[in-house]
Amino acid sequence: MLWRLWFIAPMVVALATVVLFPTVFLFWMSTQHWLVTDPDQFYVGAENFTRLLSAKDFWQSLRVTVAYLVLGTAIMLVIGLGLALSFANTKSGTLLRVMIVMPLIIPPVVAGFTWRFLLNGEIGFIGAFLLPAVGFEANLLADPKGALFSVVIADVWSRTPFMFLILLAALQGIPRDLYEAARVDGAGPVAQFMRITLPMLRGPLVVALLFRIIDAINTFELIYVMTKGGPGRATQVLSIFGWRTAFQELDFGQAASLGIVMLAITLVGALIMFRRFLRPAGQDV
Amino acid sequence: MDPTYNRGIAILRATFLTIVGIFTIFPLVWLIIGSLKTRHDALALPPRLIFTPVFDAYHKILAGGILNAFANSLTIGLTNVALALVIGVPAAYALSRMRGAVQENLSFWVLSIRMAPLFSVILPLYVLFKSLGLLDTRFAVALAHLSLTLPLTVWLLMTYFRGLPTELDDAAMIDGASPLQTLLYVIVPISRPMIASVAVVVFIFSWNEFLLAFFLTSRDAQTVPVVVAGLAGTMSFDWPLIAAVSVCSMLPAFLFVGVAQRHIVAGLASGAIK
Amino acid sequence: MTAAPRISLALAAIIATASGPALADTEVNILAFAPGFAWADMFGPSGTEKTDKLRAFEEAEGIVVNMEFADEETARQKVLLDLVNETGTYDLVMLGSDGAVQTFSYAGYLEPLDDYLDTAKDYFDADQVYPQFLEANTVNGKLWALPYYSFGAGVIYRKDLFEKYGIDEFPGTVAELEDVLRTIKAGLEADGMDDVHTLTMRGAPGEEPSLDLAGFVYADAGFPAWFEGGPTTPEDIKANKAKPIFTSEFRGGFERFVEWSKEFGPPGIATHTWVDMMNLYGQGQAVVLMPSAINGFAALGGTQDENVRDHTGFAPSPVGASGKPVQSFWTFSVGVSAQSANKEAAYKTLAFLTGEQAMQGFAESIGWPYSTFPSITRGEVLTAKWPTELLDQVEASYEQANPHYFPYIPELSAFMERIGTAASEAISGEKSVEEALNDLQNWAEERMERAGYYE
């Protein structure tokens with residue numbers, strides 16, 4: 001019916017302006033030899049892409065991104081699920097729950113600074129006082145592995161509440177009588193968790209993961225303010241690599257090709273999750 | 001059930017919550033403490049736990065141009081919420097009442113729009129807003145944020161609306177209501193908690209966003225995260241000031257979490273599950 | 001000019017014509033960094049006021065000066081986007097002689113200033129300035145920016161700690177200094193002073209370390225050892241098809257910089273910027289700060305540590321194996337955008353903001369022994385504040401400086417970024433010096449190839 005089109009039209013127009021134009025522009029950029037340092041700008045076809053895929057930096061950044069994503073997500077899942085289970089069956093602890101959700105709403109820039117300041121090896125409370133007091137002397141932010149771990153911690157701090165909220169809501173939505181029935185059948189808590197809780201959480205988990213992956217791949221400012229991608233390139237995720245390529249090395253064509261590769265990676269990933277897990281969503285929950 | 005088992009669970013839960021609670025809350029407390037110290041005290045090691053609080057940093061905020069950034073962030077956030085809802089609610093409703101391939105592709109397209117990495121769309125957006133003459137305006141930032149918040153709005157509301165029984169629409173339509181009237185007088189009123197929580201999520205997103213705001217603004221329209229990032233790069237590493245601005249940047253968060261948390265949970269829940 | 005900017009330029013022109021009548025006074029917009037510090041005599045301690053000095057200029061010239069301050073990183077990105085898109089928002093842009101001047105002048109985004117020099121001689125007389133600071137902003141035979149505060153290389157160190165470990169004089173060569181650093185380190189360790197570090201330098205990823213690191217390379221090799229034979233202009237590189245030499249002649253200086261950072265620097269050095277350098281020294285946590293001594297003078301301005309205040313010494317930068325001193329030479333350069341609608345007024349403002357009066361104001365408010373005008377180095381304010389010997393040494397550091405101790409090529413920003421990051425990698429132990437330099441070399445070869453140097 002026609003009214004639906006009218007309802008959708010403003011959205012399409014709005015998104016077309018702020019999204020379609022930049023995207024088309026991005027594709028065009030990615031086919032250009034466009035170095036700010038070079039007055040000549042010309043069409044090079046897929047050259048930006050072939051060069052990107054043969055660059056050591058790209059693969060290193062991809063590895064860092066994957067490590068950052070997997071490590072952070074795994075910790076978040078564990079803590080988020082633990083929190084959700086802890087709060088699912090209780091009305092008490094509202095204040096604590098509110099406090100635990102707080103970091104989600106704090107600007108990532110602020111989160112990054114706070115953690116950088118805490119972990120700093122010269123003046124930070126944790127990095128220069130607490131850790132040395134327990135005999136840990138390494139400077140976290142200046143060590144390649146330590147720096148990656150540090151940004152993961154800050155990321156976990158800032159993003160776990162999202163996972164927690166979604167899982168909590170999902171847990172609270174599971175009908176009580178399912179558990180009653182299981183108990184009558186003689187299922188213990190572990191069996192109940194495996195047979196009821198986990199399957200019922202599948203849909204919400206996929207949504208949470210989907211948002212999380214998109215979020216993590218685009219993480220920029222948290223890492224930027226904490227380490228600028230360093231030391232060296234130890235925390236240089238793809239978005240920082242792209243930023244450097246565009247705004248420090250002034251290679252706009254190359255940066256655009258990276259943008260498109262990243263878009264493709266997320267799109268394919270999301271599409272698989274979408275088709276595999278979400279299409280029947282609503283029906284199977 | 002076995003009481004020792006239950007007690008074990010309770011101890012486990014308490015320990016877990018204590019650890020996570022400290023991990024979560026400590027940085028916030030440290031930030032607040034930091035904002036009340038002098039520059040020298042803030043950097044002192046071992047840390048001074050007993051000190052006379054000073055409010056210099058907050059005075060600086062009130063005195064200087066930083067206040068303007070708060071006004072900007074607020075305006076941009078609210079504009080963004082208004083745009084996202086006015087455009088997003090009808091679209092989400094229409095999508096929720098469609099079935100089949102068109103609906104599916106459209107909603108995937110809407111979702112996928114969130115995915116282009118920001119660094120790569122900065123230059124195109126800059127070119128776009130420059131040609132529209134909108135650089136360094138609050139409206140430009142609100143529009144740019146819309147590219148991220150509108151898909152989110154549509155996605156969350158669409159899944160929610162789909163969960164509402166269609167009998168409601170049908171009843172209204174039979175009474176002769178137009179689709180717009182149905183939306184405004186039937187759907188929106190019963191969805192108020194969900195719409196409110198989406199509004200909160202959108203506002204917070206816009207309030208927190210850094211990269212687009214960083215590039216599209218210069219003098220007039222700078223937002224709070226841009227100011228925070230800027231402060232850290234100045235000559236004097238003024239930690240108390242950074243901390244104070246950071247604490248202030250959390251104010252809307254305190255308000256919203258206090259007031260609307262219940263709705264956020266309920267809203268996200270239904271959005272996520274359905 | 002490129003296609004996209006041309007389109008947007010046309011649109012911008014339409015919008016510009018449509019927007020309002022012209023004001024009686026010409027407006028000049030500036031983008032710079034370090035509010036309350038740069039031009040504190042003009043814009044006040046907050047960077048948001050206008051002082052009488054500035055108002056007098058505005059009235060005399062019929063110009064309204066609009067200053068926008070941002071932090072350094074922000075300012076750099078903003079300048080880039082503004083110039084590349086030929087927006088023309090800013091008439092005057094902050095540049096820096098370590099990449100931006102070179103990149104943007106070759107790309108045609110700046111206005112050459114040679115023909116303007118005579119139009120505002122009352123404010124800025126080029127003959128009265130240390131020639132090196134102008135040379136630093138000269139690319140391809142033309143002057144593209146005027147220097148605001150600027151500096152040469154040097155060492156700031158703690159005399160009391162030197163004496164404590166039996167060193168009477170600051171060594172003159174890099175090799176001798178290495179022995180001294182070792183002695184001090186051993187002494188500090190023996191005394192259990194583990195929060196004091198022997199040396200503070202900067203090793204953060206990005207362009208941060210490159211200015212100083214290039215100085216080490218220059219001192220070691222005796223020439224800007226980036227390309228075969230040491231050419232510093234695109235023409236010379238093209239004429240000789242000079243290939244990058246990051247794995248050969250460049251290596252000595254790079255390795256020294258990395259080794260010193262690892263051995264004598266604070267544990268966090270792979271993340272340190274000049275701000276950390278400054279803070280560490282100011283808090284009495286470092287014995288030697290080099291080769292950008294200016295960061296040490298900055299530390300002196302804000303320190304609350306009595307030992308630092310009372311026992312700081314200055315020494316000329318030590319000479320490397322080649323007999324040339326380690327360099328660190330930089331000017332806070334400001335240029336006129338090619339898109340400026342009021343270039344004459346913009347230049348006049350620039351001349352005022354970088355002229356003798358402005359530098360006098362800088363000496364009065366900040367008081368560092370660095371100035372672009374000999375008349376101010378030797379003027380009342382600085383001679384009252386600093387010993388003559390120190391001012392002599394500072395002046396000598398300009399004379400010994402080769403502003404072109406790194407190549408003046410359009411790709412300089414990209415190279416600075418890569419070199420600094422390679423240093424950070426090697427310092428943090430993420431890569432060995434060998435690996436880091438191999439990667440740098442491969443990247444450089446490819447980049448130069450693509451930019452058409454070897455056709």
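## Quick briefing

Chain C splits into domain 1 (3-150 + 331-389) and domain 2 (155-328 + 411-450). Keep in mind that you're looking at a predicted model.

- Taken over C-alpha atoms, the centres of domain 1 and domain 2 of chain C are 29 Å apart.
- Where they touch, domain 1 of chain C puts in eight residues and domain 2 of chain C puts in seven residues.
- On the domain 1 side of that contact in chain C, you'll find four nonpolar, three polar and one charged residues.

**A five-strand sheet in chain C**

- Five strands of chain C line up in the order β2-β1-β3-β11-β6, making an open sheet with mixed pairing.
- The edges belong to β2 (63-70) and β6 (145-151) of chain C; each has a single partner strand, so one side of each has no neighbour in the sheet.
- Going from one strand to the next, the twist averages 15°.
- Helix α4 (residues 72-84) of chain C packs on this sheet and touches β1 (26-33), β2 and β3 of chain C. The direction of helix α4 of chain C makes about 135° with that of β1(C).

**Zooming in on β11 of chain C**

- Strand β11 (residues 330-336) of chain C pairs with strand β3 (residues 92-94) of chain C in the antiparallel sense, over three bridges.
- Among the residue pairs here, L92(C) has V336(C) as its bridge partner, and V93(C) has G335(C).
- β11(C) also runs antiparallel to β6(C), with five bridges joining the two. P147(C), for instance, is bridged to S333(C) in β11(C).
- Is β11(C) buried or exposed? Seven of its seven residues are buried, so β11(C) is largely enclosed by the rest of the structure.
- W330(C), F332(C), V334(C) and V336(C) point one way from the strand, while T331(C), S333(C) and G335(C) point the other way; all are buried.

- Chain B has 14 helices and zero strands.
- Of the 274 residues in chain B, 53% are buried.
- Take the contacts in chain B with a separation of 6 or more: 80% of them link residues 24 or more positions apart.
- Chain B also meets chain A, with 76 residues of chain B in contact with 75 residues of chain A.
- On the chain B side of that contact, helix α1 (residues 3-35) of chain B gives the largest share, at 12 residues.
- That side of chain B comes out as 61 nonpolar, 10 polar and five charged residues.

**The largest nonpolar core**

- The largest nonpolar core holds 323 residues, and the members touching the most others are V154(B), L157(B), L216(B), V228(B), V245(B) and V334(C).
- Helix α7 (residues 144-172) of chain A supplies the largest share of this core, 17 residues.

Notes
Residues numbered from 1 in each chain as written. Chains lettered and ligands numbered in written order. Predicted model: local features only at pLDDT ≥ 70, side-chain atom pairs only at ≥ 80, totals over all residues. Contact = placed C-beta atoms within 7 Å. Helix = DSSP H or I, 4+ residues; strand = E, 2+ residues; numbered from the N terminus. Nonpolar A, V, L, I, M, F, W, Y, C, P; charged D, E, K, R; others polar. Buried ≥ 20, exposed ≤ 12 C-beta atoms within 10 Å, placed from the backbone. Core = buried A, V, L, I, M, F, W, Y, C linked by C-beta atoms within 7 Å. Pairing = 2+ DSSP bridges. Axes fitted to C-alpha atoms, helices over the stretch in contact; angles between N-to-C directions. Domains from an automatic or database assignment.
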